[in-house]
Amino acid sequence: MSGQFRADGSLRHLLTLEDLPRPLIERLLERAERFVRPLGARPPASRVLEGCTVANLFTEPSTRTRVSFELAAKRLGADVVNLEVQLSSRVKGESMLDTVYTLQSLHVDAMVIRDAEIGVPATVAAHVADHVSILSAGEAHVDHPTQGLLDALTVRQHKSRFDTLSIAIIGDLRHSRVARSAWHVFRALGVSDLRIVAPPALMPPAGEFEGCSRHTRLESGLPQADVVMMLRIQKERMAQVELPDADRYYASYGLTPERLALARPDAIVMHPQPMNRGVEIASAVADGPRSVIRDQVRNGVAVRMAVLAEVLAWRSAA
Amino acid sequence: MSGQFRADGSLRHLLTLEDLPRPLIERLLERAERFVRPLGARPPASRVLEGCTVANLFTEPSTRTRVSFELAAKRLGADVVNLEVQLSSRVKGESMLDTVYTLQSLHVDAMVIRDAEIGVPATVAAHVADHVSILSAGEAHVDHPTQGLLDALTVRQHKSRFDTLSIAIIGDLRHSRVARSAWHVFRALGVSDLRIVAPPALMPPAGEFEGCSRHTRLESGLPQADVVMMLRIQKERMAQVELPDADRYYASYGLTPERLALARPDAIVMHPQPMNRGVEIASAVADGPRSVIRDQVRNGVAVRMAVLAEVLAWRSAA
Amino acid sequence: MSGQFRADGSLRHLLTLEDLPRPLIERLLERAERFVRPLGARPPASRVLEGCTVANLFTEPSTRTRVSFELAAKRLGADVVNLEVQLSSRVKGESMLDTVYTLQSLHVDAMVIRDAEIGVPATVAAHVADHVSILSAGEAHVDHPTQGLLDALTVRQHKSRFDTLSIAIIGDLRHSRVARSAWHVFRALGVSDLRIVAPPALMPPAGEFEGCSRHTRLESGLPQADVVMMLRIQKERMAQVELPDADRYYASYGLTPERLALARPDAIVMHPQPMNRGVEIASAVADGPRSVIRDQVRNGVAVRMAVLAEVLAWRSAA
């Protein structure tokens with residue numbers, strides 16, 4: 001995936017965090033931090049991307065990630081167009097590329113792509129002209145790089161250093177792009193104690209999540225954790241993998257105040273949303289004093305501003 | 001509903017006109033009047049809301065009210081995002097609030113909400129952070145406050161004073177949020193002769209529309225009216241309430257030129273749109289010299305600019 | 001269709017190229033040329049339409065033409081609203097006009113309309129107020145004027161003069177608005193050798209495409225052509241008109257490198273997109289050195305900027 005970088009070493013695309021060097025991740029987080037404002041403050045405004053065009057290509061239009069990217073681009077002064085399009089559903093790969101070439105010819109500088117099929121962002125990135133950047137906004141179950149960055153930024157705001165942290169990622173690890181991007185970024189940042197906690201049916205295949213300890217019980221994965229990352233459990237998946245129903249899932253894996261007490265007293269609780277309250281997380285935890293879930297959302301737009309500014313820096317300098 | 005105001009007495013939300021004091025309504029109308037331009041003139045432009053973000057949350061995207069709010073916000077310099085979302089259809093109330101909290105964390109300053117379920121705007125308003133404003137763009141059959149204000153502005157442009165006016169509201173009063181907001185605003189502005197005219201099946205319950213005279217025949221409700229407000233009759237409702245069909249409705253309640261002659265010679269005719277021509281109103285009336293229906297649309301964007309500027313004044317001053 | 005012009009002779013609407021005088025076409029092309037930038041360059045930016053409002057009324061939102069118009073308007077500084085609306089599907093003509101009158105009352109200056117029914121743009125243009133401009137973005141099978149202009153601009157960039165050119169338009173001529181607008185513009189620009197090539201079932205009726213030679217075989221229509229314009233073949237139409245299937249169509253009418261060799265060595269290949277690769281055109285041709293298909297897209301936004309600037313010039317000067 002070295003295809004994410006330009007010949008001069010600068011970041012061109014953001015498709016995965018898997019091979020991002022730690023100094024680049026840290027620079028992105030610092031850049032994002034400068035875009036963070038407290039709730040209620042006016043968001044940062046800039047015209048650094050004035051004259052640039054960002055296209056959001058989402059299979060469905062009303063997602064929080066689309067809105068987050070849209071506001072990030074607008075707050076940097078870019079023009080934004082939204083397209084509801086499922087690139088991978090086009091009959092042939094070439095047809096997908098025709099859509100992309102069209103946007104490129106319309107002087108779109110960055111395309112933000114969400115697609116349910118593996119490889120779509122990378123295929124697009126491999127074919128667009130040199131000046132176009134591709135940003136993945138969620139690729140199948142494998143990558144969600146801006147989510148990984150916002151998760152890292154959120155941890156960074158609450159914990160002084162990464163290497164001594166214990167981070168537990170809990171839930172449907174098998175199908176989660178959020179978990180994979182978290183794993184990439186926390187590993188790069190030197191987190192030594194990474195734990196994944198899932199029922200056996202939702203545990204990822206053996207070769208994945210290298211370096212993480214595996215736990216099938218909360219009582220084993222949670223103790224003394226500094227960071228508790230909950231994942232969304234998709235109800236439609238429960239039937240497929242012969243999971244117990246929502247109530248029984250909650251009984252075994254739901255994050256209740258009692259279970260959270262197993263973690264460190266200053267542990268933070270994260271969730272990528274949307275939440276199934278009463279399934280993977282209790283409302284008392286989601287809305288409680290250790291929850292940083294809303295911070296994650298706020299950090300998301302800051303991270304997306306940082307990434308857009310980074311990949312389009314050559315243009316704003318021109 | 002005192003929840004619409006801040007501790008300092010300023011307007012924070014606009015959910016209903018029911019408890020708005022007359023001076024505030026008058027100030028909003030005056031403020032809106034300054035945003036009115038004749039057809040063909042360039043609309044007023046301002047950057048007073050630059051750096052502010054307005055989110056439109058509509059269950060369907062292509063309504064005139066959505067476009068009116070979108071243009072109002074843009075012409076004040078705000079960033080606008082549109083979401084097609086039915087807040088009340090989310091499985092639980094908390095899930096609805098999670099959507100709202102997410103937008104709040106994205107630094108959305110004002111949310112414009114249309115929802116078919118009673119109480120959604122007020123529930124949202126009761127939960128968002130202090131700096132966020134909620135504007136109802138139509139709530140079930142109970143409130144449509146910006147419509148009430150634009151109706152009042154339209155009347156104000158044509159009649160010198162409110163207290164001596166006779167206003168007849170005609171049609172499906174029972175199911176009409178437009179009628180209820182009109183009743184709120186005209187009562188607050190001191191209109192003494194308010195009449196509601198509907199077939200018995202579409203007459204609102206007895207406790208509602210206090211102070212209005214009730215008429216089941218146009219010939220009784222129209223004479224000497226200064227203002228004739230027609231309502232949209234929804235055809236799908238006709239079957240439900242055992243109404244006659246469209247032709248028979250028109251025969252009894254359609255506003256024809258002949259019937260309009262019962263009103264004052266200088267009466268104005270209003271309709272919130274979309275119109276069923278040939279059902280509740282004749283085209284000769286809708287397009288005739290006494291129709292101010294297009295003025296209502298023009299006034300709508302002016303009123304929405306005034307409301308946005310009012311509730312976000314603290315931010316533009318900051 | 002003199003209704004496209006104002007009393008002073010300036011262009012007000014763009015509904016068809018059929019009666020556009022050659023000097024006006026040439027001025028529009030020159031104006032558009034100034035908006036063209038090479039791929040990768042920053043697109044031209046201007047605030048000439050600041051304070052103007054453009055509404056896109058498309059029956060489906062995610063078309064390249066909608067995005068092209070949206071970016072053209074934004075890059076001139078206009079506010080843009082998108083509506084997904086099928087004007088002709090409204091129950092009555094008057095209801096269609098009510099939608100239009102509403103937009104007009106919202107101070108929309110230009111409406112960009114795509115509709116599958118003949119006459120919709122002209123009907124709207126005949127009814128809107130004097131200061132409103134209507135631009136057709138594709139009308140049934142009869143007109144697609146901005147496509148015709150971008151096709152002419154593309155030819156102009158590669159060929160020194162029009163009158164000596166041989167242009168072959170190939171495919172489903174019968175149902176193609178692209179072909180009709182191309183015919184209008186090339187005829188106006190003095191192209192002497194215009195050929196249409198189609199299977200008999202897709203050949204337009206006898207009275208149409210006056211002045212064009214007709215060919216039912218590529219081998220007859222292609223030789224020595226300077227410009228080869230391919231049209232999209234709609235698969236759903238194949239069944240209707242008893243066409244052979246896609247493979248057999250390709251065997252007889254698909255533009256392969258071998259067949260392209262019949263045209264002049266410096267011939268250019270055009271296609272309005274979306275392409276059916278392997279049906280009407282081979283990928284080796286679509287992506288080959290003589291293809292100017294992506295130039296067409298780039299020119300499309302330039303042409304739409306030129307047209308918007310032309311019809312709204314009175315406002316930007318005001």
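A:Gln273 is found in the loop between β9 and α11 of chain A, where helices (H or I, at least four residues) and strands (E, at least two) are DSSP runs numbered from the N terminus. The model is a predicted one, in which local features need pLDDT of at least 70 and side-chain atom pairs count only at pLDDT 80 or more, while totals for chains, interfaces and linings use all residues. Residues are numbered from 1 along each chain as its sequence is written, chains are lettered from A and ligands numbered from 1 in the order in which they are written, and side-chain values use heavy atoms, with hydrogens and water left out.

**Backbone around Gln273 and Pro274**

- The peptide bond that leads from A:Gln273 to A:Pro274 is cis, with an omega near -5°, and A:Pro274 lies in the loop between β9 (268-270) and α11 (283-286) of chain A.
- In chain B, the bond from B:Gln273 to B:Pro274 is likewise cis, with omega near -5°, and B:Pro274 is placed in the loop between β9 (268-270) and α11 (283-286) of that chain.
- A:Gln273 also has a phi near 65°, which is a positive value in a residue other than glycine.
- A:Gln273 is buried, with a relative accessible area of 10%, where buried means under 20%, exposed over 50% and partly exposed in between (1.4 Å probe, protein chains only).
- Most residues other than glycine have a negative phi, and most peptide bonds are trans.

**A positive phi in chain C**

- C:Gln224, although not a glycine, has a positive phi of about 65°, and its place is in the loop between α7 (218-221) and β8 (227-230) of chain C.
- With a relative accessibility of 41%, C:Gln224 counts as partly exposed.

**A negative surface patch**

- A:Glu60, A:Glu84, B:Glu60, B:Glu84, C:Glu60 and C:Glu84 form a negative surface patch, a term for residues with over 30% relative accessible area and no salt bridge, in which like charges are joined within 9 Å and nonpolar side chains (Val, Leu, Ile, Met, Phe, Trp, Tyr) within 5 Å.
- A salt bridge, in turn, is a side-chain nitrogen of Lys or Arg within 4 Å of a carboxyl oxygen of Asp or Glu.
- One of the patch members, B:Glu60, is in the loop between β1 (53-58) and α2 (64-74) of chain B, and at 47% relative accessibility B:Glu60 counts as partly exposed.

**Cysteines**

- The count of disulfides over all chains comes to zero, a disulfide being a pair of cysteine sulfur atoms within 2.5 Å.
- B:Cys52 counts as buried at 0% relative accessibility, and C:Cys52 is buried with a relative accessible area of 0%.

Technical notes:
Accessible areas come from the Shrake-Rupley method with a 1.4 Å probe; for residues, only the protein chains shown count as cover. Lys and Arg count as positive and Asp and Glu as negative; His and the chain ends are not counted. The place of a charge is taken as NZ of Lys, CZ of Arg, CG of Asp or CD of Glu.
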